[in-house]
Amino acid sequence: MRSTPSSPRCARPEADVSAGQDGANAATDAVRRGRTLGVDVGRARVGVASADPDGLIATPVATLRRDARRRRDVDELVAHARELDVVAVYVGLPVNLRGEHTPSTQDALDYADAVAAALAEAGHPVPLRLVDERLSTVSAQAGLRAAGRSVKDSRGVIDQAAAVAILQAAVDEQRRTGRWAGQDREPIR
C-alpha cells in the first residue's frame, strides 16, 4: 500500500505554519511517531541517545567532544539527527534540586539554540524541547558502579547513559500524555 499524506502510514506530517521556529507548538502538537534524540550537554562532552520510533526504549548513540570554537559537536549531532530522521530532540536542562537554574543552565540553553538553528539550516527543523535532567548523571554513575565499572574510566559512557536517562524520561512522558515532553526554549529565557 502506498503512503499518501492523508494515510495513517505517513511517517511525518508537514509542520504547522503557525508552529514555532523549530516546527513545534508543544501545547497543541500531538507527538508524531518516529525516532527521537536525547542530549546531555556537558562542558567537555555531549552524550547522545536515541529512542525507537515507538518511543519505548532509549539507547546510547555517541559521546561527542565539545568544540566551542568550531561547533563540530553540533554538526555531528545534526548529522546523527538527519541520519536517524528524528522527529524531535530533547536536551537536558540542568537545574538544582529546588528546580532553580544552575551555572550550567545557560550553557545548555545556548547549546539547544545552536542545535535548533543548525537543524533548521540543514533543512531538518524538528521540535527541540528542554527536559529536567536532575540527577541524570548521578543515576548514570550509580548504574555503572552497580555494573562493576569504574566511574573514572567510564566518563564517555556516563555522558551517553545520562542522555539515555534524559530521553527515556521524555519518551515515557510522551507516551503517557500524547504530547511532547519538557518545555519550549523561549519561555525559559
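**Helix H4**

I began with Asp-172 and Arg-175, which sit 3 residues apart in helix H4, so about one helical turn separates them. This is a predicted model, and I read every entry below with that in mind. The two side chains form a salt bridge, with the closest N and O atoms 3.2 Å apart. How exposed are Asp-172 and Arg-175? Asp-172 is partly exposed, at a relative accessible area of 27%. Arg-175 is also partly exposed, at 45%.

Next I checked the length of H4. The helix has 23 residues, and at 1.5 Å a residue they should span 33 Å. I then listed buried positions in H4; among them are Ile-158, Ala-162, Ile-166, Leu-167 and Val-171. After H4 comes Gly-178, which has a positive phi near 75°.

**Other salt bridges**

I searched the whole structure and got 8 salt bridges. One of them joins Asp-54 to Arg-33, with 2.8 Å between the closest N and O atoms. Where do these two partners sit in the chain? Asp-54 is in the loop between E2 and E3, and Arg-33 is in the segment before E1. They are 21 residues apart, so I noted the pair as a link between distant parts of the chain. Asp-54 is partly exposed at 42% relative accessible area, while Arg-33 is exposed at 55%. I then turned to Asp-113 and Arg-185, whose side chains meet in a salt bridge at 2.8 Å, N to O. Asp-113 belongs to helix H2, and Arg-185 lies in the segment after helix H4. This pair, 72 residues apart, also links distant parts of the chain. Asp-113 is partly exposed, with a relative accessible area of 24%. Arg-185 is buried, at 7%.

I followed the strand pairing next. E1 and E2 run antiparallel and share 6 bridges. Three residues, written as 3 in my notes, separate the two strands of this hairpin. Which residue of E2 is the bridge partner of Leu-37? I found Ser-50.

E2 also pairs with E3 in the antiparallel sense, over 7 bridges. There, Val-48 stands opposite Ala-62 of E3. The hairpin of E2 and E3 has 6 residues between the strands, and Gly-55 in it takes a positive phi near 65°. I checked the cover on E2 as well: 6 of its 7 residues are buried.

**Nonpolar cores**

I ended with the cores. The largest nonpolar core has 27 residues. Which of its members touch the most others? They are Val-39, Leu-77, Val-89, Val-91 and Tyr-111. Strands E1, E2, E3, E4 and E5 and helices H1 and H2 each supply at least two residues of this core. H2 gives the most, with 8 residues.

I looked up the contacts of Val-89, leaving aside residues up to four places away in sequence. Val-89 touches Leu-37, Val-39, Leu-119, Val-126, Pro-127, Leu-128 and Arg-129. Another core, of 15 residues, lies apart from the largest one. Its members include Ala-58, Leu-167, Trp-180 and Ala-181.

Definitions and conventions
Residues are numbered from 1 along each chain as its sequence is written. This is a predicted model: local features need pLDDT of at least 70, side-chain atom pairs count only at pLDDT 80 or more; totals for chains, interfaces and linings use all residues. Side-chain values use heavy atoms; hydrogens and water are left out. A nonpolar core is a set of buried Ala, Val, Leu, Ile, Met, Phe, Trp, Tyr and Cys residues joined through side-chain atoms within 4.5 Å. Buried means under 20% relative accessible area, exposed over 50%, partly exposed in between (1.4 Å probe, protein chains only). Helices (H or I, at least four residues) and strands (E, at least two) are DSSP runs, numbered from the N terminus. Contact means heavy atoms within 4.5 Å. A salt bridge is a side-chain nitrogen of Lys or Arg within 4 Å of a carboxyl oxygen of Asp or Glu. The expected span of a helix is 1.5 Å times one less than its number of residues. Two strands pair if DSSP finds at least two bridges between them.
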